[in-house]
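User: I am new to this structure and would be grateful for a guided introduction in the form of questions and answers.

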Amino acid sequence: MNDDQSPSGAIDNPWQALRRLTPARIALGRAGTSLPTGAQLDFQFAHAQARDAVHLPLDADELAAGLTERGHQVLQLHSAAADRHTYLQRPDLGRRLDAASVQTLRDYPHAHPGGYDLAVVIADGLSALAVQRHSLAFLDRWQQQASEDGWTLAPICLVRQGRVAVADEVAELLGAKMVVILIGERPGLSSPDSLGLYFTYAPKVGLTDAFRNCISNVRLEGLSYGLAAHKLLYLMREAGRRKLSGVSLKDEAEVLSLEGEAPAAIGNFLVGD
Amino acid sequence: MASFSHAVGHHTWRFDSLREVMAKASPARSGDYLAGVAASSDAERVAAQMALANIPLKHFLSEALIPYEDDEITRLIIDTHDAAAFAPVAHLTVGGFRDWLLGERADEASLRALAPGLTPEMVAAVSKIMRVQDLILVAQKIRVVTRFRNTMGLRGRMSTRLQPNHPTDDPSGIAASILDGLLYGNGDAMFGINPATDSLGALTDLLKMLDAIIQRYEIPTQACVLTHVTSSIAAIERGAPVDLVFQSIAGTEAANAGFGITLQVLQEGYEAGLSQKRGTLGDNLMYFETGQGSALSANAHHGVDQQTCEVRAYAVARHYKPFLVNTVVGFIGPEYLYNGKQIIRAGLEDHFCGKLLGVPMGCDICYTNHAEADQDDMDTLLTLLGAAGINFIMGIPGSDDVMLNYQTTSFHDALYARQLLGLRPAPEFEQWLERMNILHQQGGRLRLGDPVPPAFRNALAQLG
C-alpha cells in the first residue's frame with residue numbers, strides 16, 4: 001500500500017483531480033476503510049445546515065414586493081397546515097388551502113371572465129431558501145422566452161406551508177387551464193436551495209403525480225434558469241397542443257433540440273471521446 | 001367479513017375486519033396515524049396482535065383486505081396462490097406460523113419451497129408479531145439468488161448499487177463517481193443512475209455511456225437508468241442498450257395508477273427487456289423500487305396499513321422474476337416513518353417480508369433532512385441488515401446524493417459491513433476486483449491494492 005499517508009495513518013486518494021467534475025463527495029480518503037476524521041465532521045456540519053434550512057420560514061412579504069416591482073399582481077395564501085410541525089407530519093393539509101385563502105381566491109375579481117391560460121404558484125415546500133434565491137430570477141428568464149406565446153397570466157400566488165398539489169386547488173379556483181408551481185425541494189447536504197417546477201394541464205383537486213411533469217434541481221450549481229425555462233415552455237406548448245400533461249407527455253424537448261446534431265454526448269475520461 | 005375480538009382481563013377489544021386487526025397490530029409509525037388506521041393505545045395495539053396471532057393463515061385466502069373485484073393486485077395474489085406450496089403451514093395460525101419460522105423445520109430449502117404458497121397479507125401479519133431479532137433470524141435463513149451478468153444473493157455475500165447521480169447528468173461527473181466507487185470496490189449490483197430529467201434523448205445518452213464503461217473495462221455488472229418503464233420501452237425501441245428495466249411500484253392498483261402503470265404495462269416492460277437478451281448468466285432483469293407510505297401518499301391505501309400495502313408491492317415484484325428489489329425505506333419522509341426507530345424497524349420488516357415471498361431484497365438505507373434520523377441510525381440499520389443477509393445496499397460517494405438530496409450508505413459504509421461481517425461482493429465481481437488489483441478480501445480482512453490500478457491510469461492522466 002503506497003497511498004499518501006498522514007501521521008495518523010489516514011490515507012489520501014490520488015484521484016483528487018476528479019473532484020472538479022462533480023459536487024459529489026468523492027476522493028475522501030480513508031482511515032482503514034472508514035471515513036477520515038475531516039470528511040466525517042464535514043458531513044456532520046452539512047447535515048446540521050440542511051436541518052436548519054428545513055425550518056427557515058419563507059419571507060413572503062419580500063418575495064411579494066419583488067413580484068410587484070416586476071408588475072405582477074400577487075396574492076398571499078396559506079395552506080391548511082398551520083405551522084411547520086404540522087406541515088412535516090400532515091402532507092394532506094399542505095396540499096389544500098386554508099379557508100381564508102379559498103375565500104381570497106373566490107373573492108378575487110377576475111380580469112378574465114373566461115379564465116386564464118396559466119397560473120403560477122410559488123410555495124416554500126421544504127426549502128424557503130430555494131424559493132427566495134431562485135423564483136424571481138427564474139420567472140424573469142421564463143417570461144423573456146414566453147412573451148411571444150401571449151398567454152394570459154393569473155395573479156401569482158404565494159403559498160406558505162404548501163406542497164406540490166396545492167397548485168391544483170389554486171388553479172381550479174382561479175379558472176386556469178395550466179398551472180406551474182415553483183417549490184423548494186427537500187434540502188440536500190450540498191444543496192439546501194434546490195427549486196423544483198411541477199407543471200399540470202387542466203389542473204383540478206385530486207390529481208395524482210401521473211398528471212404532472214417535473215423539472216427538478218433548478219439552482220446555480222444545477223439546472224440553469226434558461227434550460228429550465230426552455231423545458232417548461234416545451235411542456236406548456238405541447239400540453240396545449242395535445243390537451244394533457246404527465247406521463248403521457250414525455251419531455252422530448254432535448255431530443256428535438258438535439259435532433260440532427262453530432263453523435264450522442266457520452267464522451268468522458270473513462271471511455272475517451 | 002369476519003369480526004375479531006380479544007379479551008385481556010376484563011376488557012374485550014373488538015375489530016370489525018381483518019384489515020382493522022392488521023392495521024391496529026402494526027408497530028407504531030407516523031403514516032398509519034396519518035391514515036387514521038393505527039391503534040389508539042399501546043394496549044389496543046397488543047390486543048390486536050394477540051387477536052391476529054389467533055387467526056388461521058387459511059383465513060387470509062377467504063378475506064381479501066382490498067376486494068378482488070376492485071384491485072388487480074388482489075386478483076394477482078389470489079389467482080397465483082400455490083395451494084400445494086402452502087400445505088406445510090396450512091394448519092397454522094399466524095402465531096403458530098411465527099413459531100414455525102423460528103423453528104428448525106424452517107430452513108433455506110423449506111422456505112424457498114414455501115414462498116409461492118404465501119400471500120403478502122400472511123407475511124405482513126406474521127411480521128407484525130415479530131421482534132427485530134425474529135425478523136433478522138428468519139430472514140438470514142433465506143437466500144434469493146438471481147442472475148444477469150453476475151450472481152446476486154449468495155450466502156456470505158452482499159452487493160452494492162453504485163449510484164453515481166449528478167445534478168445535471170454530466171457524463172464526466174457521473175464517470176468520476178463511478179471510478180471513485182469502483183476503486184472502493186462498489187458496483188456489483190449495478191451502476192444505477194437516477195437521471196435529473198426524463199427526456200428520452202438524455203436517457204439514451206446515459207445508457208450508452210454506462211454500456212461503454214462496462215464494456216471498456218469488462219466489468220461483470222449491469223446498468224440501469226431509473227426512468228419510467230414506458231420510457232425504457234421507448235429507449236429500447238430507439239435502439240438504446242437497456243440492461244435492467246426499472247419501475248417504482250406500490251401495493252394497490254390505484255397507487256400504481258398514480259405511478260402511471262398497470263400490471264400490463266410492467267409485463268410490456270419485462271418483455272421489452274427480455275427481447276434485448278443482454279444478460280449473460282441469467283435473465284432476471286426487472287429492478288423495482290418500493291417504500292412504505294407510497295400507497296397512502298397517492299391516497300390509494302383502501303384503509304390498509306402502510307406495511308401491508310408495501311408487502312403487496314412485493315407480490316407485484318415477484319411476478320416479473322426481478323433481478324433486485326429495493327425498499328427505499330427512509331426516502332419518503334417523516335409523515336410516514338417519523339424517526340430512526342421507525343425507519344430501522346421498517347427496513348427490517350421490508351427485507352424479511354420480501355425474502356419470505358421469494359423476492360431478492362435490498363434496501364436503500366436512507367433518510368432525508370426533514371426526518372428525525374441521522375448517520376447513527378443508518379449505521380444501526382446497515383449492521384442489522386448485513387446480519388440478516390440482505391442482497392444489496394446502495395453505495396454513493398460520502399453518503400450524500402447530490403441529485404436526489406438525501407443520505408444513503410456510502411462506498412465506505414459497504415466496506416465497513418464487509419470488514420465487520422465478512423460479506424463479499426458477487427463472485428464474478430470479486431474476481432474482477434482481484435484481477436484489477438483493487439480489492440482483496442479474505443473473510444473480514446480487506447486489502448485495497450494499487451492506489452490507481454493500471455487500467456485506470458490512462459483515464460486519469462487525461463485529466464492532467
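User: How many helices and strands does chain A have?
Analyst: The model is a predicted one. In chain A, the C-alpha atoms fill a box of roughly 75 × 50 × 35 Å along the principal axes. The secondary structure of chain A comes to nine helices and six strands.

User: What percentage of the residues in chain A is buried?
Analyst: Among the contacts in chain A with a separation of 6 or more, 66% join residues 24 or more positions apart. A residue counts as buried if 20 or more other C-beta atoms lie within 10 Å of its own. Of the 273 residues in chain A, the buried share is 49%.

User: Which helix of chain B gives the largest share of the side that touches chain A?
Analyst: The contact between the chains takes 63 residues from chain A and 64 residues from chain B. Ten residues form the largest share of the side of chain B, and they come from helix H11 (residues 200-216) of chain B.

User: How far apart are the C-alpha centres of the two domains of chain B?
Analyst: Chain B is divided into domain 1, residues 4-139, and domain 2, residues 146-448. The C-alpha centres of domain 1 and domain 2 of chain B are separated by 27 Å.

User: How many nonpolar residues are on the side of domain 1 of chain B that touches domain 2 of chain B?
Analyst: The contact between these domains takes 43 residues from domain 2 of chain B and 32 residues from domain 1 of chain B. Several helices of chain B each supply at least two residues of the domain 1 side, including H1 (18-25) and H9 (132-139). By class, that side has six charged, four polar and 22 nonpolar residues.

User: Which residues touch the most other members of the largest nonpolar core?
Analyst: Nonpolar side chains tend to be buried together in soluble globular proteins. The largest nonpolar core here holds 239 residues, and its largest share, nine residues, comes from H11(B). Both domain 1 and domain 2 of chain B give this core at least three residues each. The members that touch the most others are Ala119(A), Val121(A) and Val170(A).

User: Beyond its neighbours within four places in sequence, which residues is Val170(A) in contact with?
Analyst: Contact here requires C-beta atoms within 7 Å. With those sequence neighbours left aside, the partners of Val170(A) are Leu105(A), Ala119(A), Val121(A), Cys157(A) and Val179(A).

How values were computed
Residues numbered from 1 in each chain as written. Chains lettered and ligands numbered in written order. Predicted model: local features only at pLDDT ≥ 70, side-chain atom pairs only at ≥ 80, totals over all residues. Contact = placed C-beta atoms within 7 Å. Helix = DSSP H or I, 4+ residues; strand = E, 2+ residues; numbered from the N terminus. Domains from an automatic or database assignment. Nonpolar A, V, L, I, M, F, W, Y, C, P; charged D, E, K, R; others polar. Buried ≥ 20, exposed ≤ 12 C-beta atoms within 10 Å, placed from the backbone. Core = buried A, V, L, I, M, F, W, Y, C linked by C-beta atoms within 7 Å.
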